[in-house]
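Dear colleague,

Please find below the structure I wished to hand over to you. My findings follow directly after it.

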Amino acid sequence: MANATSPPGAVATASAVHHVGMSVASIDDALAFWERFLGGPALWRELLNRPYLSKIIGIPGVSIKGAFVELPGGVILELLDYEAPEKHSNPETTANPGNIHLCLAVEDAAVAWKHAVDCGAKPVSREGPVEVDGGPNAGARVAYLRIHDGITLELFQPPARV
């Protein structure tokens, strides 16, 4: 989106994904899943309560329990547990507007699916990963699981290329 100082037709340029943020009900529950699933501790965990946050987020006097978890490929997952009295969980139905999912590429969807379930994820399909039977990802194996706070985790095993 161009602003008043940008020439007509100018677009924002992005160089990389810096992080993906998830609001969570409990930082401890979220970290219990992610640290077990990824096999290592959070990179960083801290109480965030500096005055600049209120300006950015728009919540006066905000205080947030935060943590950074490194995802495969180096992208940072930022977990945010807002200490606010008026928090409400979003419905977990994937079709709801505003619902997002995080997709991780995996080498073996069945192994990753079982590991995620062992770590506390709830599978959307009890049968496990499903093979994609058409389109650009034909032959891929994919599964959706619900993790903490109803967030959807997608596991994606790319199709074998010959």
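Of the 162 residues of the protein chain in this predicted model, 33% count as buried. The accessible surface of the chain comes to about 10,400 Å², and 56% of that surface belongs to carbon and sulfur atoms. Along the principal axes, the C-alpha atoms fill a box of roughly 50 × 45 × 30 Å.

As to secondary structure, the chain has three helices and nine strands, arranged along the sequence as β-α-β-α-β-β-β-α-β-β-β-β. Among contacts with a separation of 6 or more, 52% are between residues 24 or more positions apart.

Two sites may be of interest to you.

Glutamate 78 is buried but has no salt bridge; arginine 45, the nearest side chain of opposite charge, is 13 Å away. The side chain of glutamate 78 does make a polar contact with the side chain of histidine 19, at 2.9 Å. Leaving aside residues up to four places away in sequence, glutamate 78 touches His19, Val20, Gly21, Met22, Ala67 and Phe68.

Together with Tyr52, Ile57 and Ile59, Ile56 forms a nonpolar patch on the surface. The accessible area of these four residues together is about 370 Å².

Yours sincerely

Terms used
Residues are numbered from 1 along each chain as its sequence is written. This is a predicted model: local features need pLDDT of at least 70, side-chain atom pairs count only at pLDDT 80 or more; totals for chains, interfaces and linings use all residues. Side-chain values use heavy atoms; hydrogens and water are left out. Patches are made of residues with over 30% relative accessible area and no salt bridge: like charges are joined within 9 Å, nonpolar side chains (Val, Leu, Ile, Met, Phe, Trp, Tyr) within 5 Å. Accessible areas come from the Shrake-Rupley method with a 1.4 Å probe; for residues, only the protein chains shown count as cover. Buried means under 20% relative accessible area, exposed over 50%, partly exposed in between (1.4 Å probe, protein chains only). Lys and Arg count as positive and Asp and Glu as negative; His and the chain ends are not counted. A polar contact is a pair of N or O atoms within 3.5 Å; within protein, one must be able to donate a hydrogen and the other to accept it, and residues adjacent in sequence count only if both atoms are side-chain atoms. Contact means heavy atoms within 4.5 Å. Helices (H or I, at least four residues) and strands (E, at least two) are DSSP runs, numbered from the N terminus.
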